[in-house]
Amino acid sequence: MSWRLPQSNAALLIVDVQEKLLAVMPEPQRLENRIVAAAHIARLLQIPIFITEQVPQKLGPTVASIKEAAGDAAQLFHKTTFSAFSVLPAKLPKYVIVCGLETHVCVRQTIYDLRGREHIPYLLADAVASRHLIDHEVALRELATDQILITTLEALSYELLGSAEHSAFKAIQDHIKRLI
């Protein structure tokens, strides 16, 4: 099996990056910036974007900068289940890039449901978080042990580009440089 990520059969899933939840995360601005960049990069590559919100009447809407970066074509889904899988479209691309909150709950359960239903999830380790570092670290170790592909936004971006000759290379490189 190839772990190469084809742009043509990929989607970006932003899990529950809502105002009240993001506010209690470690380094919320860094996390927000990474997810905003992921959304911009997905749009540049014409990769579909799905956004979920966990009980938005309690946790608030998705952070405005992320919604703006995702654009009008992004699909928004509300949920009460921890896994986002049940609210996502039936015709989901095979490869799903996952970022969001919290690593050990909604992100983790969504990833396992994606894999259990024949999708290949790619977890952006630098674009997920949990309120408590121990929960985040244990979840990442568990997912790695279970052979979930864990990567970073920069590594994934270049994987999707495949070459410096890609028409979106310069624009994506600019987004990556701003994160350093």
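1. Y158 is partly exposed, at a relative accessible area of 30%. The model is a predicted one, and this value is computed from it. Y158 belongs to helix α7 (residues 153-161) and F169 to helix α8 (residues 169-179), so the pair ties together parts 11 residues apart in sequence.

2. Across the whole structure, the search gives 3 aromatic pairs. Another of them joins Y95 and Y122: with 6.3 Å between ring centres and 55° between planes, the pair is tilted. Since Y95 sits in strand β4 (residues 95-101) and Y122 in strand β5 (residues 120-129), this pair ties together parts that are 27 residues apart in sequence. Y95 is buried at 13% relative accessible area, and Y122 is likewise buried, at 3%.

3. The chain contains 8 helices and 6 strands. Their order along the sequence is β-α-α-β-α-α-β-β-α-β-α-β-α-α. The radius of gyration is 15 Å, close to the 16 Å from the globule rule for 180 residues, so the chain is as compact as a globular protein of that length. Its C-alpha atoms fill a box of roughly 45 × 35 × 30 Å along the principal axes.

4. Of the 180 residues, 51% are buried. Among contacts between residues at least 6 apart in sequence, 80% join residues at least 24 apart.

Conventions. Residues are numbered from 1 along each chain as its sequence is written. This is a predicted model: local features need pLDDT of at least 70, side-chain atom pairs count only at pLDDT 80 or more; totals for chains, interfaces and linings use all residues. Side-chain values use heavy atoms; hydrogens and water are left out. Rings of Phe, Tyr and Trp (its six-membered ring) pair if their centres lie within 6.5 Å; planes under 30 degrees apart count as stacked, over 60 as edge-to-face and the rest as tilted. Helices (H or I, at least four residues) and strands (E, at least two) are DSSP runs, numbered from the N terminus. Buried means under 20% relative accessible area, exposed over 50%, partly exposed in between (1.4 Å probe, protein chains only). The radius of gyration is taken over C-alpha atoms; the globule rule is 2.2 Å times the number of residues to the power 0.38. Contact means heavy atoms within 4.5 Å.
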